[in-house]
Amino acid sequence: MPRAGVDYPRTFQELLSWFPDEQACLAYLERVRWRDGFICPRCGTVGGVWWAVRRGLRKCTVCHHETSVTAGTIFHGSRLPLTSRFAAIWYVVNQKNGVSALGLQHVLEFGSYQTAWAWLHKLSRAMVLPGRELLQDAVEVDETYVGGVRPGTGGRGAAGKAIVVIAAEDRGEAAGRVRMRRVPDVSKPTLTDFVLDNVARGSEVHTDGWQGYDDIGKYRFSHVVTNLSASGDPAHVVMPHVHLVASLLKRWLLGTHQGAVTHDQLDYYLDEFTFRFNRRRSRHRGLLFYRLIEGALAADPAPYTTLLAQRRAA
Ligand SMILES: [Zn+2]
């Protein structure tokens with residue numbers, strides 16, 4: 001477990017004194033990424049011996065591949081100083097109510113709104129790592145409709161709104177961790193993919209009787225269906241956790257962003273909300289800083305345009 005004041009800064013003052021320049025940031029990234037020893041990205045040798053070729057560059061003694069700590073991460077290939085990006089991460093984890101690119105641009109004097117937004121988008125990849133930390137045990141899954149100022153009719157197919165599918169672990173009294181995604185429709189392939197990507201096999205998946213969930217049972221999940229009209233209970237009684245999460249999400253979007261988000265922005269905000277929600281019991285903001293750096297070092301880099309294209313295709 002990373003320690004406050006040792007593995008991560010506790011205050012903004014500490015952040016500034018820990019990371020005065022690029023070298024200090026790089027050294028910190030090396031410390032977090034290769035905590036258990038250097039791992040060669042080419043030959044996969046763990047805890048291997050390396051030579052320092054140049055500043056920040058390591059050469060594997062086994063395969064002679066040269067690599068830097070930022071290679072293959074979202075820290076790679078940006079002219080934005082690491083000190084600015086560290087400050088941005090600190091800013092993100094310390095804002096109680098979420099972050100806007102505009103706020104980031106103003107506070108950190110990022111060159112442009114686009115620069116700030118591009119970095120937030122990259123960061124979101126570090127917030128929810130695909131394939132990692134899958135939800136498990138009892139998990140509730142349902143869709144909700146987000147955005148748009150028009151009052152929706154509720155139910156499936158409210159026009160003009162984004163569809164967000166949410167999974168929440170049922171931990172009895174409270175919800176455990178959550179995952180969520182904006183989806184184009186509530187078809188069988190879409191909803192099945194979401195469950196496969198976010199819930200560990202063997203889990204018990206609770207849904208309502210919508211046919212889009214009919215295939216879940218084919219994939220080593222135990223699928224528990226509650227037919228709402230037959231049960232006579234409203235949805236928030238049958239699946240309380242996922243409905244609580246949906247209402248928290250909507251309140252957060254309204255409070256922080258006045259509900260005015262485009263669908264692309266929404267993708268980022270869903271990741272940010274998920275990151276905050278899943279770590280809501282972390283006592284130290286600095287620990288979130290550490291976790292986000294850790295995630296950023298594990299996330300693949302992608303140019304802004306590729307990222308948007310992938311998101312749109314998703
Ligand atoms: Zn190697």
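These notebook entries record what I looked up in the structure.

**Entry 1: the model**

I noted that the model is predicted, that local features need pLDDT of at least 70, that side-chain atom pairs count only at pLDDT 80 or more, and that totals for chains, interfaces and linings use all residues. Residues are numbered from 1 along each chain as its sequence is written, and side-chain values use heavy atoms, with hydrogens and water left out.

**Entry 2: the whole chain**

I found twelve helices and eight strands in the protein. Both are DSSP runs numbered from the N terminus, helices being H or I with at least four residues and strands being E with at least two. Of the 314 residues, 47% are buried; buried means under 20% relative accessible area, exposed over 50%, and partly exposed in between, with a 1.4 Å probe and protein chains only. Among contacts between residues at least 6 apart in sequence, 61% join residues at least 24 apart.

**Entry 3: the zinc site**

Which atoms are the protein donors of the zinc ion? I listed Cys40 (SG), Cys43 (SG), Cys60 (SG) and Cys63 (SG), lying 2.3 Å from the ion. Donors are N, O and S atoms within 2.8 Å of the metal (3.2 Å for Na, K and Ca); water is not among the atoms, so sites may look incomplete. Along the chain the donors follow the spacing C-x2-C-x16-C-x2-C. Cys40 lies in the loop between α2 (22-33) and β1 (50-54), while Cys60 lies in strand β2 (residues 57-60), 20 residues apart, and the pair links distant parts of the chain. Cys40 is buried, at a relative accessible area of 2%, and Cys60 is buried with 2% relative accessibility. The site is tetrahedral, with angles of 105 to 114° among its four donor atoms; four donors count as tetrahedral if all angles lie between 85 and 135 degrees. The ideal angle for four tetrahedral donors is 109.5 degrees.

**Entry 4: the hairpins**

I next followed β1 and β2, which run antiparallel and are joined by four bridges; two strands pair if DSSP finds at least two bridges between them. They form a hairpin with two residues between them, and Gly56 in the turn has a positive phi of about 80°. Arg54 stands opposite Leu57 in β2, and the bridge partner of Leu57 in β3 is Ser68. β2 and β3 form a hairpin with five residues between them, where His64 in the turn has a positive phi of about 65°.

**Entry 5: the five-stranded sheet**

I recorded an open sheet of five strands in the order β6-β5-β4-β7-β8, with mixed pairing. β6 (174-183) and β8 (222-226) stand at the edges with a single partner strand each, so one side of each lacks a neighbour in the sheet. Within the sheet, three bridges join β4 (residues 138-146) to β7 (residues 204-208), which run parallel. Glu140 stands opposite His206 in β7.

**Entry 6: a helix across the sheet**

Which strands does helix α6 (residues 188-198) lie across? I found β4, β5 (162-171), β6 and β7. Buried residues in α6 include Leu191, Phe194 and Val195, and what covers the buried residues of α6 includes β4, β5, β6 and β7.

Notes:
Contact means heavy atoms within 4.5 Å. Four donors count as tetrahedral if all angles lie between 85 and 135 degrees; four count as square planar and six as octahedral if opposite donors are over 155 degrees apart and all others between 65 and 115; anything else is irregular. Axes are lines fitted to C-alpha atoms, for helices over the stretch in contact, and angles run from 0 to 180 degrees between N-to-C directions.
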